[in-house]
Amino acid sequence: MADILTFNVLEHSLVPEHYLLTDEEADQVLSKLRITRDQLPKIRRTDPGIKVLENIYGPIDEGKLVKIVRKSETAEEFVVYRLVIRG
Amino acid sequence: MMKGVSKRIGSIKFSCVSPEEIRKMSATKVITADTYDDDGFPIDMGLMDPHLGVIEPGLRCKTCGHKVDECPGHFGHIDLAMPVIHVGFIKDIKRLLESTCRICGRILLTAEQIEAHRIASERMEELGGDTIDQKLLTKETSKDASSKPICPHCSAEQMKIKLDKPTTFREGDDGHKLTPKEVRERLERIPDEDLLPLGIDPQTCRPEWMVLTALAVPPVTVRPSITLDSGDRSEDDLTHKLVDVLRINQRLRENRDAGAPQLIVEDLWELLQYHVTTYFDNQTSGIPPARHRSGRPLKTLVQRLKGKEGRFRSNLSGKRVNFSARTVISPDPLLSINEVGVPITAARELTVPVHVNEHNIDFLRTLVARGPSPPEGEEHLVGVNYVIRSDGRRIRVTDRNAETVAEGLELDYTVERQLMDGDVVLFNRQPSLHRMSMMAHTVRIMPGKTFRFNLCVCPPYNADFDGDEMNLHVLQSDEARAEARILMAVQENILSPRYGGPIIGAIHDHVTGAYYLTHDNPKFDSMQALTILSKLEHKTLVDPIEIDGEKYWTGKQLFSLVLPPDFQAIFKSSICQNCDQCKKEDCEFDSYVKIKDGKLLCGTIDAKAIGNSKGKILDKIARDYGSERVRQFIDECTRLCLGAIMNRGFSTGIDDEDIPEEASLQIREFNKESVEKVDKLVESYREGTLEQMPGRSLRETLEVEAMKVLGKARDEAGRVAGKHLGMENSAVVMAKSGARGSMLNLSQMAGAVGQQAVRGERLSRGYWNRTLPHFKKGDLGAEAKGFVANSYKSGLNPTEFFFHSMGGREGLVDTAVRTSRSGYMQRRLISALEDLKLTADGTIRNTADTIVQFRYGEDGVDPARTVQGKAIDLDDVFAEVLGDDAELLLQLEEASIGEDYATLEKDEMEFIEEEEVSFEEPDFGGE
Ligand SMILES: [Mg+2]
Ligand SMILES: [Zn+2]
Ligand SMILES: [Zn+2]
Ligand SMILES: [Zn+2]
């Protein structure tokens, strides 16, 4: 954990913003997109971005949703959702 | 006729086949290595047993009773005297041996750990993990298990398993050998319930099946023998290999049953293992490949599937098709960009099916009555090759039966008529690197033997006419034709999705023609003007200008004829000198283009206006007026420009590189000075008085300084030469207008070729301490290190010529390396992306219906509709809203993204074209 505390990857300008969704928010997203969890893109629990979030929220289980907001030249801002999986 | 049965495949599961199943599905047991008896009849229970299927016409299969092509062939089997390991499963066997107990066979995990695995696996399934994820998980579990030194179930101590490639297992520190029999016994001991955590479904597979006791013999239809002209029979490689297996199997059984010494039995056993291994994969590392008598390695099972010539890449990813033609291509500027000229001979072979209905039956009757080869006359007559009756029977139409078949034509028949003008076909040139490599054209039947098309379509295909061949495919259904017309037609692909700009447009002489038509606004008398316009469709001429009572039309007036009447544009030509202060309309080089209300007011039309990849006018017409209007513009432009260049006449030759004596003297003088300057640098380097550059060694400093001096020498030579090469010079006109060539090319021809480099450094390799024996050892001067002071025209001296070849070689090697690499990368990309699709809700999904992108490209923008990658062109919007006032706002220093991309991609594609010099790519096994 020490190495994570020394540098927060989310503060790097090239790393997009990561937000952990609550279960209610996650369900809302899923129903809005009319999909089930398994149809989402994935992100591993070992991902540096998730590790930073774990520092804030405590352990993040598989099945949680993460919202990632990217900056885009053409679309200004682009939101994607990812499902946390083991790894 | 067979009607297709359409059923959806829910899932496919691959598993191992058990020895019992091999025996059960076997049509016959194979016991003898002999194939045919003396009379040439297959021997029963031999490898060519008639129970295994038929390959000879006229014979019937002894298993199913069908004839050739109806009998699918039937498997046989060989009972192996001793078990043998299957190479294909060697990794799995090792994993299983390592992660289970050598005594009790249980997995080396506690009950809790097994349960943890089960939960993780279920959770993964729930969250959409695929088989690859599952495999990773089992790998982890196996790793955990294999690290245990003691069995948690029976407390037996575990030993280390080592794999002696390719198929021998050793155990413990002394390397005690495990026979396949022992391996099989261990695998048998693993209980069913321990298999799941190890990634094996006990319902369909038992691990001991990976050690073979019976070998399936493929049907003869899979390994047909061919009869040579001499009457000798030549067997398939697989049959040869199976003969080897049978022979050794026989000897092993005899020796074992006769109680031969253990050593002999073991040797034979190993030999059997070798033959079975090479039967599966003849390129197994660690053992020599089995060879034919001629020394050629045998092509066994894995070799049939793998690589470029394998079943996957050659037969499944790439197929041969009907209704296609291939021939040499040649240009025809009078064809529309949408058209393709098809030779009569090809058109008579290619057919389009037409369903007979009450509206077309009379027309089709006349076609059928003509037969397959109507007389060639003034007009090309379309014939018919086949008629298909409503019951599916095909009737070949011949000159003899044409009349009768025509009379018998009924509704619901299908007529396969020959290709005719206006048919939609796909036209393609390999390598098909982007979607514009395959476009839909309309057919124009022509005499001759080549395919012909408009020169503007060369860039998307990357075609030239030095012997290139292209393929043509005739579409067979209405859906296909509609799709091709709407999506694949040439006019729909003028704007490239590679960079938001036109990829189809004027090239070479078209650009030169446009330059001569519009530059400095030449005057044409009515004869000239009408000749230039004669190739165009009807156009209403504008009022001529009158000088001394004579009527004249100006070039700009003529060009304006092909523009849309309300067209507006302002930009700078290719020939623009980039003056510090642009004089706009009063530009003395006539390079400020202004078009108002479809009238070219000033400026020269060249590559920047109508050229492919940067043509502003093309781009704007395509965007604002649609594909049909640009098509018309390009077609008319081609004809107009060629009219203009033919009116004036144009040629270039070696004397275009002539420069006055004093200029070449000046260049020679400057080169001499530069060489001397380098000599001085070398001298000061040797004396140690050369001032070292920060971060560089003294030697590096010398190199940098020398490169700088010699680089300047070439620039100076180019400048001096350029001074004497004005716009009256054809080569310069081509370079400046963007038609072909560059000023660098010209200065290398007329001025000096300059310093040659390999890896960006002056040449240094060859002999010990020198580049060539013509120089002293350690010579660091300009000539000794690859400076070419001569020009291509004056001619290179022998050392210069050699250095030039060295520089040229680097380019070739780069090309060869890049070709194979980019080809490999492209194939990987294609297989990763090929079945992604844009769904109705705007998301991009794969075949498993999981989301890959929440919106296409994460911005929903179609790159083909962008303005050089940008979603909107603000300048254009300003110009439209503000009219003339916008001129002040306009940033004429346009971003040249499209241009850069275009040139870069062009280079890339030229590299790829030289396919012959490619290295074999790394092979990562199965496709
Ligand atoms: Mg060629
Ligand atoms: Zn059969
Ligand atoms: Zn045990
Ligand atoms: Zn100017």
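Guide: Let us begin with a term: a salt bridge is a side-chain nitrogen of Lys or Arg within 4 Å of a carboxyl oxygen of Asp or Glu. Here, B:Glu858 forms one with A:Arg70, and their closest N and O atoms are 3.3 Å apart. Please note that this is a predicted model, in which local features need pLDDT of at least 70 and side-chain atom pairs count only at pLDDT 80 or more, while totals for chains, interfaces and linings use all residues. Residues are numbered from 1 along each chain as its sequence is written, chains are lettered from A and ligands numbered from 1 in the order in which they are written, and side-chain values use heavy atoms, with hydrogens and water left out.

Visitor: How many salt bridges does the rule find across the interface of chain A and chain B?

Guide: The rule finds two. Strands (E, at least two residues) are DSSP runs, numbered from the N terminus. On the side of chain A that touches chain B, β2 (42–44) and β4 (76–85) of chain A each supply at least two residues. The most comes from β4(A), with six residues.

Visitor: What area do chain A and chain B bury between them?

Guide: Buried area is the accessible area (1.4 Å probe) that two parts lose on being put together, summed over both. For chain A and chain B the figure is about 1700 Å², with 58% of it on carbon and sulfur atoms. Of the area that chain A buries against chain B, A:Gln39, A:Phe78 and A:Arg86 supply 34%, more than any other three residues.

Visitor: Which residues are the protein donors of the zinc ion (ligand 2)?

Guide: Donors are N, O and S atoms within 2.8 Å of the metal (3.2 Å for Na, K and Ca); water is not among the atoms, so sites may look incomplete. The zinc ion (ligand 2) has B:Cys61 (SG), B:Cys64 (SG), B:Cys71 (SG) and B:His74 (NE2), lying 2.0 to 2.3 Å from it. Their spacing along the chain is C-x2-C-x6-C-x2-H.

Visitor: Is B:Cys71 buried or exposed?

Guide: Buried means under 20% relative accessible area, exposed over 50%, and partly exposed in between (1.4 Å probe, protein chains only). B:Cys71 is buried because its relative accessibility is 5%, whereas B:Cys64, at 28%, is partly exposed.

Note on methods: Helix = DSSP H or I, 4+ residues; strand = E, 2+ residues; numbered from the N terminus.
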